[in-house]
Amino acid sequence: MRPLIIFFSRAGENYVNGDLIHLETGNTERLVSFLREATDADVFRIEPEEPYPEDYMECTRVSKEEIRTGARPDLRAYLDSAESYDNIVVAFPIWWGTCPNIVLTQLERLNLRGKRIWPVITHEGSGSRKAVKALKKACPGARVMGSLAVHGAEVSVAEETVKAWGASRLSREENTTR
Ligand SMILES: Cc1cc2nc3c(=O)[nH]c(=O)nc-3n(C[C@H](O)[C@H](O)[C@H](O)COP(=O)(O)O)c2cc1C
């Protein structure tokens with residue numbers, strides 16, 4: 001059975017090693033492309049109905065307000081079911097030390113009981129504990145497995161690490177022997 005990758009990533013202005021730069025492709029999206037190559041996974045991209053600001057400071061303001069109000073921002077399209085998958089990667093950037101609310105919008109609509117959830121996180125220095133806790137809450141009855149966390153600025157040099165992680169956890173052969 002193929003794995004599924006559900007991911008969110010935002011191109012635009014972002015901090016990379018302390019400098020604000022414009023990313024044509026988000027770090028998480030690039031990481032997901034490596035993972036897909038290594039695992040032949042199906043991929044669902046979470047896209048907000050209202051795009052997040054390209055301006056970094058403006059985006060931090062919007063996302064902070066989402067956290068404050070417990071918002072569940074609308075998506076352009078929803079994944080209605082993940083029934084046909086056993087292994088599901090949920091990949092996203094750390095925002096304000098945790099998982100962006102828009103990822104929770106999608107996860108909370110799915111019945112993920114009994115599924116293996118593999119958190120994959122990009123960040124600029126924060127740990128992933130709070131994000132993993134948020135995922136566990138959003139996926140009742142799922143088994144949240146060991147996460148992969150990659151410094152966003154180093155995604156391009158982490159290709160082999162990411163592929164090895166994916167192949168060992170998610171390749172179809174590996175799963176038949178579990
Ligand atoms: C709104 C916002 C909030 C962020 N908050 C954090 C944070 O709390 N901790 C951290 O390590 N990185 C933070 N970052 C940096 C991102 O996690 C990091 O750049 C990530 O790799 C971006 O992935 P993306 O390009 O796929 O969106 C934040 C970035 C944005 C845009």
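**Ground rules.** I number residues from 1 along each chain as its sequence is written, and I use heavy atoms for side-chain values, with hydrogens and water left out. As the model is predicted, local features need pLDDT of at least 70 and side-chain atom pairs count only at pLDDT 80 or more, while totals for chains, interfaces and linings use all residues.

**Aromatic pairs.** I paired rings of Phe, Tyr and Trp (its six-membered ring) if their centres lie within 6.5 Å; planes under 30 degrees apart are stacked, over 60 edge-to-face, and the rest tilted. That rule gave me five aromatic pairs. I looked at F8 and W95: their ring centres are 5.4 Å apart and the planes stand at 85°, so I logged the pair as edge-to-face. The two sit 87 residues apart, F8 in the loop between β1 (4-7) and β2 (12-16), and W95 in the loop between β5 (87-93) and α3 (101-107). Helices here (H or I, at least four residues) and strands (E, at least two) are DSSP runs, numbered from the N terminus.

I then checked accessibility (buried is under 20% relative accessible area, exposed over 50%, partly exposed in between; 1.4 Å probe, protein chains only). F8 is buried at 1%, and W95 is buried too, at 11%.

Next came Y15 and Y56, with centres 4.9 Å apart and planes at 90°, so they are edge-to-face. This pair joins strand β2 (Y15) to helix α2 (residues 56-69, Y56), 41 residues apart. Y15 is partly exposed, with 32% relative accessible area. I also noted that ring pairs link F8, Y52 and W95 into a cluster.

**Largest pocket.** My pocket rule: on a 1 Å grid over the protein atoms alone, an open set of points where a 1.4 Å probe fits, with protein on both sides within 12 Å along at least five of seven lines; lining residues have an atom within 4 Å of a point. The volume is the space filled by probe spheres set on the points, which are joined across faces, edges and corners.

The largest pocket holds about 480 Å³. I found 23 lining residues, with N14, Y56, I94, W95 and E124 nearest the centre. β2, α1 (27-39), α2 and β6 (116-123) each supply at least two of the lining residues, and α2 has the largest share, four.
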